[in-house]
Amino acid sequence: MIYKDVSCAAIHDLSGVGKCSLTVALPVLSACGVETAVLPTAVLSTHTGGFTGYTFRDLSEDLLPIAAHWKQVGCRFSALYSGFLGSAGQTKTVAEIFRMLGEGSLLVVDPVLGDGGRLYATITEELAAGMAELCQKADLVIPNLTETSYLLGTPYQEGEMTPEEVGALLGALRARGPKLAVLTGVRCGGKLGSASMDAAGKMEMCLLEEIPGSYHGTGDLFASTLVGGLLNGMTLGKACRLATEFTHQVIVTTREKSKDIRFGPKFEVHLPELAARVENFRRENHSF
Ligand code: PXL
């Protein structure tokens, strides 16, 4: 079988330990058959959730020269996909990289800002405001409910929501620019999952049994799987289902097997199954 080339540039931090951002995006996108270039926004010894004393090297100075070199050598990407950014200034730099390299690419912003109603340790109010501006330039945004409250400037909502309330948030996100929006951490009808709204305003939800606890890196796992599905030609609703089910499966294993969940989601054993699901989709759809 001959596959169409699909490629992605992933713009996130590189946390050496803790499995989030690039150490999740790269294996997940590769398993989905997506050739992936990496643009690290910062290098950390670990992620910032639950660890103290981590190192943090901001790579702001390197981002534009790297992107310019890629342009010079003729790189083209099906998607540019940004996540955790190291400083407020990087939100403007990523917007510049979108202009520089993004012609004809799907522009995806996972506005990594916080969870549980609070910003992550290194995220300032200024960075959050810059992220809201960057999201206006994206084709697809993938916030959780905490990030949504920062993007929309509305109070953080948690707990059960009605489908109408979920639809109103997705509509409000799309009204700010992106034609596609996905919300994670949605609780509806006693279940937990994601909701998407496509370019035609069609909403789809994927809700599963809730597994208690909060698992680091699962937002990155979800967003990377979603991008992998989309780049293989899935509809937004179908890619969301793939991402929700894969993330759920990984959380089950992490809960069972992990001695310390700060060290990240145990996704590796599930990658072959993810690859097989994507491969089946390609065969069924004779797309590539
Ligand atoms: O998973 C989000 C994330 C990404 N990168 C870094 C983080 C976090 C969440 O805390 O600290 C460095």
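In this predicted model, strands S10 and S11 form a hairpin with five residues between them. Gly201, in the turn of that hairpin, has a positive phi of about 85 degrees. S10 also forms a hairpin with S9, here with two residues between the strands.

- S10 spans residues 191–197 and is mostly covered, with five of its seven residues buried.
- Strand S11 (residues 203–208) pairs with S10 in the antiparallel sense, over six bridges.
- Within that pairing, Leu192 has Leu208 in S11 as its bridge partner.
- Strand S9 (residues 180–188) runs antiparallel to S10 and is joined to S10 by seven bridges.
- Ala181 stands opposite Met197 in S10.
- The turn of the S9 and S10 hairpin contains Gly189, which has a positive phi of about 60 degrees.
- In a regular strand, side chains alternate between the two faces of the sheet.

**Largest pocket**

- The largest pocket holds about 1,200 Å³ of space.
- Its lining has 45 residues, and those nearest the centre are Asp115, Asn144, Tyr215, Thr218 and Gly219.
- Two or more lining residues come from each of strand S1 (7–17), helix H5 (145–152), S9, S10, helix H7 (218–231) and helix H8 (236–257).
- By class, the lining of the largest pocket comprises 22 polar, 14 nonpolar and nine charged residues.

**Second largest pocket**

- The second largest pocket has a volume of about 180 Å³.
- The residues that line the second largest pocket are Thr48, Gly49, Asp115, Gly116, Arg118, Leu119, Tyr120 and Ala121.
- Three residues of this lining are nonpolar, three are polar and two are charged.
- Asp115 is named both among the residues nearest the centre of the largest pocket and in the lining of the second largest pocket.

**Cavities**

- The structure has two cavities of 30 Å³ or more.
- About 60 Å³ of space lies in the largest cavity, and about 40 Å³ in the second largest cavity.
- Ala132, Cys135, Gln136, Val141, Leu151, Leu173, Arg176 and Pro178 line the largest cavity.
- Helix H4 (residues 125–136) gives the largest share of that lining, three residues.
- The lining of the largest cavity divides into six nonpolar residues, one polar and one charged.
- Around the second largest cavity stand Leu145, Thr148, Ser149, Thr154, Pro155, Tyr156, Gln157 and Leu169 as lining residues.
- The largest share of the lining of the second largest cavity, three residues, is from H5.
- That lining has four nonpolar and four polar residues, and no charged residues.
- H5 is also among the elements that give two or more residues to the lining of the largest pocket.

**Cysteines**

- A search of the whole structure finds zero disulfides.
- Cys8 is in no disulfide, and the nearest cysteine sulfur, in Cys32, is 10 Å away.
- Cys20 counts as buried because its relative accessibility is 6%.

**Lys19 and its contacts**

- Lys19 lies in the loop between S1 and helix H1 (22–31).
- The side chain of Lys19 makes a polar contact with the side chain of Glu268, at 3.0 Å.
- The Lys19 side chain also reaches the backbone oxygen of Pro265, at 3.1 Å.

**Gly114**

- Gly114 is located in strand S6 (residues 114–115).
- With a relative accessibility of 0%, Gly114 counts as buried.
- Between Gly114 and Pro27 there are 23 Å in space, C-alpha to C-alpha, and the two are 87 residues apart in sequence.

Key
Residues numbered from 1 in each chain as written. Predicted model: local features only at pLDDT ≥ 70, side-chain atom pairs only at ≥ 80, totals over all residues. Heavy atoms only, no water. Buried < 20%, exposed > 50% of the residue type's maximum accessible area, 1.4 Å probe, protein only. Helix = DSSP H or I, 4+ residues; strand = E, 2+ residues; numbered from the N terminus. Pairing = 2+ DSSP bridges. 1 Å grid on protein atoms, 1.4 Å probe; cavity = no way out; pocket = protein on both sides within 12 Å on 5 of 7 lines; lining within 4 Å. Points joined across faces, edges and corners; volume = space filled by probe spheres on them. Nonpolar A, V, L, I, M, F, W, Y, C, P; charged D, E, K, R; others polar. Disulfide = S-S within 2.5 Å. Polar contact = N/O pair within 3.5 Å; in protein donor to acceptor, adjacent residues only side chain to side chain.
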